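Good morning, and thank you for coming. Please keep the sequence and the model in view while I speak.

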Amino acid sequence: MREPSASSGPALQGDLLGAEARVAVLLPLPLREAYDYRVPDGMALVPGDVVEVPLGPRRVIGVVWGPGAGTVESGRLKAVVRRFDVPPMTEVGRRFIEWVAAYTMTLPGFVLRMAMSVPSALEPPKPTLAYLRKADAEPPPGFKMTDPRKRVLALLDDTLAGGPPRTPGELAEEAGCGVTVVRGLAEAGLLEPVLLEPTTLGRPPDWARPGPSLSANQEAAAEDLRARVGTGGYSTVLLDGVTGSGKTEVYYEAIATALKQGKQALVLLPEIALSAQWLDRFAKRFGAPPAEWHSELTGAQRRDTWRAIAKGEVPVVVGARSALFLPYPDLGVIVVDEEHDSAYKQEEGAIYHARDMAVARAHLGGLPIVLVSATPSLETKVNADSHRYARIELPSRHGGAVLPDIDLIDLRRDRPPARHWLAPSVRKALTETLAGGEQAMLFLNRRGYAPLTLCRACGHRMQCPNCTAWLVEHRLARKLQCHHCGLQQPLPPSCPSCGEEGTMAACGPGVERIAEEVAELYPDARAAIMASDTLFGPRAIQEMVRKIGDHELDIVIGTQVMAKGHHFPMLTLVGVVDADLGLNGGDLRAAERTYQLLHQVAGRAGRGERPGRVMLQTFMPEHPVMQALAAGDRDGFYQLEAEMRQEAGMPPFGRLAALIVSGEDPTLVDRVAMALGRAAPRGETVHVLGPAPAPLALLRGRHRRRLLLKAPRATQVQPLIADWLSRVEIPPSIRVQIDVDPYSFL
Ligand code: ADP
Ligand code: ZN
């Protein structure tokens with residue numbers, strides 16, 4: 001990734017109300033440029049103002065991007081309808097949208113749409129109706145004082161003595177009646193209506209609250225961050241520390257410093273829905289929760305949060321990658337926790353990497369950004385090694401907790417019984433752990449019961465009709481499911497190919513199957529599965545995390561949902577059922593990702609007072625990833641991985657960009673892919689591989705072909721690709737997606 005220059009893009013000056021009185025308005029639509037609109041008499045507009053404008057028969061919301069640029073001739077110029085009463089989008093915010101659009105080769109309007117995702121937030125919130133009890137009011141003749149009515153009135157008794165008014169919804173809920181009861185009382189003249197101004201977001205976090213006393217190492221790290229945030233200015237820092245070293249406590253100090261200066265702080269987490277523990281911790285540290293931003297928010301929460309952020313009323317936002325596009329007036333620091341996590345890569349719509357875009361945002365805004373990880377991405381590691389990024393290290397766990405021992409279990413020798421998946425040594429360790437009153441976790445990054453169902457008579461495999469993928473058996477749900485398109489169907493009673501009955505067999509394990517084995521081995525143990533499809537929503541995840549933390553479970557069987565930053569003091573054994581899983585498929589980052597994931601899983605063990613133990617079941621104990629994990633030789637692994645990437649000219653030493661051609665008609669897809677192949681840029685140092693069928697050659701009914709451009713690190717790939725695409729005609733039924741710096745090769 002290349003950092004943006006703060007001076008990129010045209011300067012936005014000039015008298016907007018000059019002779020022409022026109023402005024360019026960028027619309028959150030897939031349009032190539034901003035359109036001109038006339039500024040009506042009596043309206044004054046500045047760049048960044050959010051306005052409503054006509055577009056054909058519709059009215060759309062847009063942002064004043066600058067002075068009119070002559071894109072519309074005077075005769076056809078339409079007038080801005082109105083300006084919304086919200087603070088204008090900042091200059092940095094607008095430059096950021098342009099930068100993301102240019103870098104990811106997405107239309108600017110499309111990026112703007114991510115920033116303007118909550119149109120309802122532009123309108124001032126409506127006051128809500130609430131009631132007080134009217135003093136000395138008598139019910140009208142014939143009005144019956146039913147029990148529900150009495151209960152509602154009783155709830156309002158304290159308003160006679162100055163208590164706060166209550167909304168009909170609240171009253172109905174507490175009195176256990178419908179809102180019509182409340183309305184009936186109001187119509188009878190027994191209640192006094194009042195209009196409440198909408199509630200604000202609650203108390204702000206208090207930066208002045210003291211944090212825990214930090215160890216010398218932590219204090220030095222915190223002091224470095226405080227100084228950076230205090231002085232301001234762009235810098236990227238890698239906060240590199242082992243799991244449990246107190247990285248979170250340390251970056252809280254950076255947040256406190258930003259708040260002290262009256263600025264905002266943004267914390268990105270890879271999967272905010274899994275972050276209940278983080279939120280609790282933050283609230284304890286700062287006496288109030290941060291604002292959250294993620295896909296689970298209700299419409300009303302999104303609206304209130306967006307508006308409050310724009311108005312500068314929200315000091316701390318914690319969110320998923322989309323939180324980058326919120327309208328911060330004056331960000332003081334950005335933290336990207338678990339910066340190596342692949343969840344930061346948005347793979348649909350505008351394809352972008354939130355960590356990289358966050359660095360760009362910090363650069364444009366002139367503020368420090370902290371990238372946090374125990375296993376940094378190789379990109380970040382190399383940037384820190386070459387001093388492009390600063391590095392702060394926390395080499396040991398806080399409070400004397402030791403890192404767990406990691407053993408490799410060679411499945412070729414230490415074999416599980418047939419159609420079972422836990423090796424004898426792992427079973428023994430589980431038994432010991434349970435006997436000692438401790439907790440164990442079995443990790444398998446595969447949902448469902450079995451990844452493949454086949455016919456034992458004819459060998460037929462159950463495959464998704466829309467995707468190049470097997471259907472996964474989910475025994476609890478009694479279904480076969482496609483994990484790519486969501487297709488579900490019942491398990492067939494007979495083979496759909498040869499018609500034999502009772503021949504369909506499950507192959508390989510998913511978490512449900514491991515749970516079955518655990519139940520067989522330890523019928524009395526309290527066991528549960530933790531996977532994204534067994535836990536519905538953040539509440540369920542939170543409840544599960546609490547149960548594990550409170551030791552209400554003995555064995556947890558989980559996917560990567562469970563690997564993320566949780567802190568479970570009684571968890572002393574982690575068994576990884578299939579440590580080789582991520583290495584299959586062998587894409588560019590397979591080894592790196594496997595290392596990071598297993599390291600993170602291992603980091604769940606022994607975080608409390610009791611030491612932890614990790615057992616990795618593998619068929620390849622000699623693989624460098626396994627060797628490095630067992631030896632605790634992180635940097636040795638990185639070095640080897642870096643050498644291999646350098647040798648191959650692969651990221652971060654070279655650059656990649658992918659084109660994915662897709663459509664419903666495979667012949668046409670092939671034709672366009674071949675044409676792109678022929679028109680591909682060629683040079684001494686620039687190569688294009690493909691077209692080739694994507695590993696997911698069929699996805700949701702669309703056929704897919706890939707081309708991969710490979711270039712030296714210093715190459716700017718965007719102009720090359722723009723030129724390339726301009727030389728090939730793309731029919732409307734064919735989509736060509738551009739993925740700059742691809743992370744997925746499927
Ligand atoms: P990391 O983010 O590096 O995994 P955490 O910040 O989560 O580490 O710290 C691990 C555990 O140690 C947490 O429970 C945290 O509250 C505790 N901890 C870390 N530093 C301190 C400290 N200075 N004083 C008290 N507790 C601490
Ligand atoms: Zn499918």
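E338 sits in the loop that runs between strand 12 (331-336) and strand 13 (345-346). Helices (H or I, at least four residues) and strands (E, at least two) are DSSP runs, numbered from the N terminus. This is a predicted model, in which local features need pLDDT of at least 70 and side-chain atom pairs count only at pLDDT 80 or more, while totals for chains, interfaces and linings use all residues. Residues are numbered from 1 along each chain as its sequence is written, chains are lettered from A and ligands numbered from 1 in the order in which they are written, and side-chain values use heavy atoms, with hydrogens and water left out.

Is E338 buried or exposed? With 17% relative accessibility, E338 counts as buried; buried means under 20% relative accessible area, exposed over 50%, and partly exposed in between, with a 1.4 Å probe and protein chains only. E338 has a positive phi of about 50°, although it is not a glycine. Most residues other than glycine have a negative phi, and most peptide bonds are trans.

D136 also is not a glycine, and it has a positive phi of about 55°. D136 belongs to the loop between strand 6 (128-133) and helix 3 (147-155). D136 is exposed, at a relative accessible area of 77%.

Two peptide bonds deserve a look as well. The bond from P651 to P652 is cis, with omega near 5°, and P652 lies in the loop between helix 17 (634-648) and strand 28 (654-663). Another cis peptide bond joins G690 and P691, with omega about 10°; P691 is found in strand 29 (residues 687-699).

Let us follow the chain into strand 28. How many of the residues of strand 28 are buried? Ten of its ten residues are buried. In a regular strand the side chains alternate between the two faces of the sheet. In strand 28, G654, L656, A658, I660 and S662 point one way, and R655, A657, L659, V661 and G663 point the other way.

Strand 28 pairs with strand 30 (residues 702-712) in the antiparallel sense, over ten bridges; two strands pair if DSSP finds at least two bridges between them. Strand 28 also pairs with strand 31 (residues 735-740), in the antiparallel sense and over six bridges. I660 shows both pairings: its bridge partner in strand 30 is R706, and in strand 31 it stands opposite Q737.

Another sheet is open, with three strands in the order 20-21-22 and antiparallel pairing. Why is one side of strand 20 and of strand 22 left without a neighbour in the sheet? Strand 20 (472-474) and strand 22 (488-489) stand at the edges, and each has a single partner strand, so one side of each has no neighbour there. Strand 20 pairs with strand 21 (residues 479-481) over three antiparallel bridges, and V472 has Q481 of strand 21 as its bridge partner.

Next, a helix. In helix 4 (residues 168-175), the buried residues are P168, L171, A172 and A175. Seen down the axis of helix 4, these buried residues fall within an arc of 95°, so they line one face of the helix; the arc is that of the directions from the helix axis to the C-beta atoms. An α-helix has 3.6 residues a turn, so residues three or four places apart point the same way. The exposed residues E173 and E174 are on the face of helix 4 turned away from its buried side.

Finally, the ligand. Which residues come nearest to ligand 1? Of the 16 residues around ligand 1, these are Q218, G244, K247, T248 and R281, where a residue is near a molecule if one of its heavy atoms lies within 4 Å of it.

A polar side-chain atom of Q218 is 2.8 Å from a nitrogen atom of ligand 1. A backbone N or O atom of G244 is 2.7 Å from an oxygen atom of ligand 1. An N or O atom in the side chain of T248 lies 2.7 Å from an oxygen atom of ligand 1. On its own, ligand 1 has 550 Å² of accessible area, of which the protein covers 78%; such areas come from the Shrake-Rupley method with a 1.4 Å probe.

Helix 7 (residues 247-260) gives the most to the shell around ligand 1, with three residues.

Notes: Polar contact = N/O pair within 3.5 Å; in protein donor to acceptor, adjacent residues only side chain to side chain.
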